[in-house]
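I opened my notebook for a look around this one. Here is what I looked up, entry by entry.

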Amino acid sequence: MKMVKLLLGMALAVSTGGVFAQTVKIGFITSYSGLNGNLGPYMERAVRLYLKQHEKELGGVKVELITRDDTGPNPDKAKQLAQELVVRDKVHLLAGVIFTPNAMAIAPIATEAKVPFVIMNAGTAVITTRSPYMVRTSFTLWQSSYPLGQWAAKKYKTAYSLVSDFGPGHDSEDGFSKGFEEGGGKMLGKVRVPLQNPDWAAYMQRVKDAKPDVLQVFIPAGKTATAVMKNFSDLGLDKAGIKLIGPGDITTDEELPNMGDVALGVLTVHHYSAAADRPANKAFVAAWKKEYGANETPNFVAVGAYDGAAIIVEAIKQQKGKLDPEKTMEIFKHWKNPNSPRGPISIDPETRDIVQNEYLREVKKVGGVFANVEIETVATALKDPWKEMQKKK
Ligand code: PHB
């Protein structure tokens with residue numbers, strides 16, 4: 001019997017190239033259906049692209065991505081999926097998540113099971129405080145909306161804010177208002193609209209009647225962004241002289257062709273544009289097109305996931321595929337990349353949140369193609385402003 005086991009073991013060793021290869025299992029939860037279900041595939045494609053590009057560095061360790069559809073902003077479903085992935089599939093890591101409510105629902109599971117959780121999109125500031133096993137490689141809405149407010153105060157006197165009524169919308173409203181008011185601007189009104197199918201025309205009319213210089217909008221990127229753009233134009237807010245601005249979610253790269261001319265001139269602040277001319281970004285966009293087709297373009301969801309895959313690969317490399325949750329978190333906390341497609345990034349070891357630049361961008365037509373053209377770096381190595389302000393309290 002012993003002999004049989006030994007022989008079996010040897011056969012296994014030979015079949016895996018002479019070593020007992022480890023497999024790292026990642027429970028990958030994202031949105032493939034429901035509200036903005038088009039975003040999930042950007043996340044998955046980015047992770048797969050990074051893993052393919054860096055496979056050789058893994059020393060034979062296999063990475064298994066177990067993908068699950070949370071069906072949009074659906075915390076109960078996300079929680080159930082995370083539980084199954086941890087208990088039944090015994091994943092070593094959790095990753096993904098477009099929507100804040102889903103990230104919040106998964107937090108206690110990451111904590112109880114001690115499974116590190118890499119957040120690749122969800123952007124409400126508070127999320128990472130909910131579990132010591134979370135790290136975020138995407139952004140916070142405060143990172144984009146606070147500098148947007150500061151910048152807008154230098155150009156405009158009055159503003160109105162319109163946001164989706166959930167975590168990231170509240171953060172965008174608060175961050176923008178604080179930056180704008182600190183800079184001497186006046187908020188004429190703030191409105192929070194339902195996450196799903198709001199009556200855009202009614203809300204846009206309310207803004208038009210208030211006659212602000214600018215309207216700042218946050219909605220979750222994807223198809224909702226195009227709905228905002230069309231209604232802004234259809235209700236004639238542009239013709240009434242109101243300028244549309246917001247975090248980059250409202251001009252998300254992949255929707256620009258669907259928005260068309262109405263998006264031209266819209267100014268946003270964000271950490272990533274597919275049109276950025278940094279060499280690392282050009283290489284990223286070229287690799288994306290080679291892998292997925294000449295007409296395909298990555299977006300900010302993709303870059304959050306691409307860098308999320310990078311942080312995971314680093315943890316696997318340093319531990320040779322045998323992941324210990326505490327060591328993994330230590331590696332995450334001290335990770336940096338001076339050369340991400342979005343510029344230099346790092347993880348703040350105190351908060352486990354991303355530190356990055358924020359760029360002012362304008363939608364322009366470049367060579368016949370709509371693009372978020374970066375004009376100016378409005379914040380450098382910016383930590384989540386909300387957490388910085390909490391510390392001072
Ligand atoms: C979020 O739920 O945190 C979220 C969703 C879509 C975005 C940004 C943030 O574009």
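**Entry on a strand pairing.** I began with Gly96, and found that Gly96 stands opposite Ile119 in β4. The model I am reading is a predicted one. I then checked the two strands involved: β3 covers residues 93-96 and β4 covers residues 117-119. They pair in the parallel sense, and I noted three bridges between them.

**Entry on what packs there.** Next I looked for helices on these strands. Helix α11, residues 300-318, packs on the sheet and touches β1, β2, β3, β4 and β5. I wrote down about 155 degrees between the direction of α11 and that of β4. Helix α4, residues 100-113, lies across β1 (23-30), β3, β4 and β5. For α4 against β4, I noted an angle of about 160 degrees.

**Entry on the whole sheet.** In what order do the five strands of the open sheet come? I read the order as β2-β1-β3-β4-β5, with parallel pairing. The edges are β2 (62-69) and β5 (134-136), each of which pairs on one side only. From one strand to the next, the twist averages 25 degrees.

**Entry on Ile245.** I moved on to strand β9, residues 243-247, where Ile245 lies. Is Ile245 buried or exposed? Its relative accessibility is 0%, so I filed Ile245 as buried; the cut-off for that label is under 20%. I then listed the contacts of Ile245, leaving aside neighbours within four places in sequence. Among them are Leu148, Trp151, Ala152 and Phe176, and also Val214, Leu215, Gln216 and Val217. Ile250 and Leu267 are in contact with Ile245 too. I also looked up Lys391: its C-alpha is 29 Å from that of Ile245, and the two residues are 146 apart in sequence.

**Entry on the ligand.** How many residues surround the ligand? I have 14 in my notes, and the closest are Phe99, Thr100, Gly123, Ala221 and Asp249. For Gly123, a polar backbone atom is 2.8 Å from an oxygen atom of the ligand. For Ala221, a polar backbone atom is 2.9 Å from a ligand oxygen.

Definitions and conventions: Residues are numbered from 1 along each chain as its sequence is written. This is a predicted model: local features need pLDDT of at least 70, side-chain atom pairs count only at pLDDT 80 or more; totals for chains, interfaces and linings use all residues. Side-chain values use heavy atoms; hydrogens and water are left out. Two strands pair if DSSP finds at least two bridges between them. Helices (H or I, at least four residues) and strands (E, at least two) are DSSP runs, numbered from the N terminus. Axes are lines fitted to C-alpha atoms, for helices over the stretch in contact, and angles run from 0 to 180 degrees between N-to-C directions. Contact means heavy atoms within 4.5 Å. Buried means under 20% relative accessible area, exposed over 50%, partly exposed in between (1.4 Å probe, protein chains only). A residue is near a molecule or strand if one of its heavy atoms lies within 4 Å of it. A polar contact is a pair of N or O atoms within 3.5 Å; within protein, one must be able to donate a hydrogen and the other to accept it, and residues adjacent in sequence count only if both atoms are side-chain atoms.
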